[in-house]
Amino acid sequence: MLPWIASDIIQEASKHWSFSSDIEITVEANPTSIEIERFKELGVAGVNRISIGVQALDNNALKFLGREHDHALAVSAIKTAEKVFPRYSFDLIYGRPGQNINDWSSELREALNLVGDHISLYQLTIEKGTPFHSETRAGKLVPLDENTSAALFDITQEICDQHRLPAYEVSNHALPGAECRHNLTYWMGGDYIGIGPGAHGRVTINQTVYETEQIPGPEAWLATVERRGHATRKESQIKSDSRIEEIFMMGLRLINGISRINFTNQTGLELEDALDPKRLRRLLIEDYLILDSKGLRATKKGLLRLNAVLSALLS
């Protein structure tokens, strides 16, 4: 993001909402020379946290992932961020084809020597419609087997715990109190306003939740804003069933899961009343989920197979 745009957005937002003394203002950036040069100006503009899309600290892996930066530039971006911003984070993708525990452990330990108070660690997923998916179907790419993926997940948790960066979400680790607030808002079913091109939002008005969507494409979005004062192309009430499913889909990503109190406040229902009892009982018996007075959460076994657990719970 250009610094002057960040400054204008922050100033305009401050006219509509009161900022708390410890407000979190995050910008996402790539570790390119051009963006690194803007870090200081972004800090002056009011950004106090940056999230950098590093993805790997291995040059071969970066080429495989289609990234334009190399290891040296990634490290430079992280070290510059440390000097400029009070808080910073970066991400890595693991579970790459051919990756083994020793290589990943070494890469992760290097990352943790550079980390501030937060790091995102995503397992590679092969999504339909991507080049990786086409290469997998053609036999040119062999994804890791389930056992190796599970072992990599386990060693990730172990090493991060040693560095006092426990997981608070299936792919995110932070010092206690340094969890990413805007991501927590999504995962906990809170309100958020989507402003830019193609952005989505969730807003509660008189206990009714509405979803909003902005016009995609910067040029069309800007032209509509100049003409109408906004570029919202969709604003509709979220049906109760969809809202409940969304809360489960997002909330079970959190290590602490879905709070019983918060769920009732958001839906008017008890957790047990919102789920098929047979499906729920099976997942509890098979040790994929835990349901108690605090709420509903995935076990370690459940987190490893979260997509399958959600499908079994909600389909």
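A residue counts as buried when its relative accessible area is under 20%, as computed with a 1.4 Å probe on the protein chains only. By that criterion, 40% of the 315 residues of the protein chain are buried. The model is a predicted one, and the values below are computed from it.

**Overall build**

- The secondary structure of the protein chain is made up of 15 helices and 12 strands.
- The radius of gyration of the protein chain is 21 Å, which agrees with the value near 20 Å that a compact globule would have with 315 residues.
- Along its principal axes, the C-alpha trace of the protein chain spans about 55 × 55 × 40 Å.

**Contacts and surface**

- Among the contacts in the protein chain with a separation of 6 or more, 59% are between residues 24 or more positions apart.
- The protein chain exposes about 17,600 Å², and 50% of this area is supplied by carbon and sulfur atoms.

**The cavity**

- The count of cavities of 30 Å³ or more comes to one, and the largest cavity has a volume of about 40 Å³.
- The lining of the largest cavity is formed by M1, V27, E28, A29, E35, R38, F39 and L42, which divide into five nonpolar residues, three charged ones and no polar ones.
- Strand 1 (26-29) and helix 3 (39-45) each supply at least two residues of this lining, and strand 1 gives the most, with three residues.

Note on methods
Residues are numbered from 1 along each chain as its sequence is written. This is a predicted model: local features need pLDDT of at least 70, side-chain atom pairs count only at pLDDT 80 or more; totals for chains, interfaces and linings use all residues. Side-chain values use heavy atoms; hydrogens and water are left out. On a 1 Å grid over the protein atoms alone, a cavity is a set of points where a 1.4 Å probe fits but cannot get out, and a pocket is an open set with protein on both sides within 12 Å along at least five of seven lines; lining residues have an atom within 4 Å of a point. Grid points are joined across faces, edges and corners, and a volume is the space filled by probe spheres set on the points. Helices (H or I, at least four residues) and strands (E, at least two) are DSSP runs, numbered from the N terminus. Ala, Val, Leu, Ile, Met, Phe, Trp, Tyr, Cys and Pro count as nonpolar, Asp, Glu, Lys and Arg as charged, and the others, Gly among them, as polar. The radius of gyration is taken over C-alpha atoms; the globule rule is 2.2 Å times the number of residues to the power 0.38. Buried means under 20% relative accessible area, exposed over 50%, partly exposed in between (1.4 Å probe, protein chains only). Contact means heavy atoms within 4.5 Å. Accessible areas come from the Shrake-Rupley method with a 1.4 Å probe; for residues, only the protein chains shown count as cover.
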